[in-house]
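Please open the structure in your viewer and keep the sequence panel beside it.

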Amino acid sequence: QVQVVESGGGSVQPGGTLRLSCAASDRFFSTYTMAWYRQAPGKQRELVATIGGGGGANYVDSVKGRFTISRENARKMVYLQMNSLKPDDTAVYYCNRVDGEWPWGQGTQVTVSS
């Protein structure tokens with residue numbers, strides 16, 4: 001059973017910075033396109049960013065220029081650097097394969113508020 005553990009969330013003011021981390025246990029990790037998702041209260045889960053095994057990245061328009069996804073295949077880790085945070089970024093953030101095939105982790109809460 002693959003396990004996914006997200007960490008790094010917290011409460012910050014608008015304009016602040018956070019770096020999320022995700023640790024996965026799948027030995028085929030390097031072959032998967034990985035993704036960060038988020039779910040705000042009362043809303044559906046949203047795909048935020050993806051990164052291929054070779055490092056190519058894509059972002060939802062609302063975070064382009066502010067968020068950066070990266071990965072370390074040897075450590076089976078995925079990261080999300082979040083700069084210039086806005087209140088609309090408040091959500092629980094999850095990582096998974098882009099097809100969502102792994103069991104979902106507990107997520108990490110990000111709260112942006114003044």
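Predicted model: local features only at pLDDT ≥ 70, side-chain atom pairs only at ≥ 80, totals over all residues.

Along the principal axes, the C-alpha atoms fill a box of roughly 40 × 25 × 20 Å.

Residues are numbered from 1 along each chain as its sequence is written, and side-chain values use heavy atoms, with hydrogens and water left out.

**Colour by secondary structure**

The protein chain has 0 helices and 10 strands, where helices (H or I, at least four residues) and strands (E, at least two) are DSSP runs numbered from the N terminus. Now colour by burial: buried residues make up 43% of the 114 residues, buried being under 20% relative accessible area, exposed over 50% and partly exposed in between, with a 1.4 Å probe and protein chains only. Of the contacts with a separation of 6 or more, 53% are between residues 24 or more positions apart, a contact being heavy atoms within 4.5 Å.

**Select the open sheet**

Select β2, β10, β9, β4, β5 and β6, which in that order form an open sheet of 6 strands with mixed pairing; two strands pair if DSSP finds at least two bridges between them. At the edges are β2 (10–12) and β6 (57–59), each of which pairs on one side only. From one strand to the next the twist averages 25°, an angle that runs from 0 to 180 degrees between the N-to-C directions of axes fitted to C-alpha atoms.

Within this sheet, select β4, where 5 of the 6 residues are buried, so the strand is largely enclosed by the rest of the structure. Strand β4 (residues 34–39) runs antiparallel to β5 (residues 46–51), and 5 bridges join them. With β9, strand β4 also pairs in the antiparallel sense, over 6 bridges. Which residue is the bridge partner of tryptophan 36 in β5? The partner there is alanine 49, while in β9 tryptophan 36 stands opposite cysteine 95. Follow the chain through the hairpin of β4 and β5, with 6 residues between the strands, and you reach glycine 42, which takes a positive phi near 75°.

**Select the disulfide**

Show the side chains of cysteine 22 and cysteine 95, which are joined by a disulfide with an S to S distance of 1.7 Å. This pair links distant parts of the chain, since cysteine 22 is in β3 (residues 18–24) and cysteine 95 is in β9 (residues 91–97), 73 residues apart. Counting pairs of cysteine sulfur atoms within 2.5 Å as disulfides, the total is 1. Both cysteine 22 and cysteine 95 are buried.

**Select β3 and its partners**

In β3, 5 of the 7 residues are buried, so this strand too is largely enclosed by the rest of the structure. Strand β1 (residues 4–7) runs antiparallel to β3 and is joined to it by 4 bridges, with valine 4 opposite alanine 24. Strand β8 also runs antiparallel to β3, with 6 bridges between them, and alanine 23 has methionine 77 as its bridge partner in β8.

**Select the loop between β8 and β9**

A polar atom of its side chain lies 2.8 Å from the backbone nitrogen of lysine 86. Apart from neighbours within four places in sequence, aspartate 89 is in contact with Arg38, Arg66, Phe67, Ser84, Val110 and Val112. Serine 84 is in this loop between β8 and β9 as well; its phi is near 50°, a positive value in a residue other than glycine, and at 41% relative accessibility serine 84 counts as partly exposed.

**Last stop**

Finally, select lysine 76, in the loop between β7 (67–72) and β8. Its phi is near 55°, again a positive value in a residue other than glycine, and lysine 76 counts as partly exposed, at 26% relative accessibility.

Technical notes:
Polar contact = N/O pair within 3.5 Å; in protein donor to acceptor, adjacent residues only side chain to side chain.
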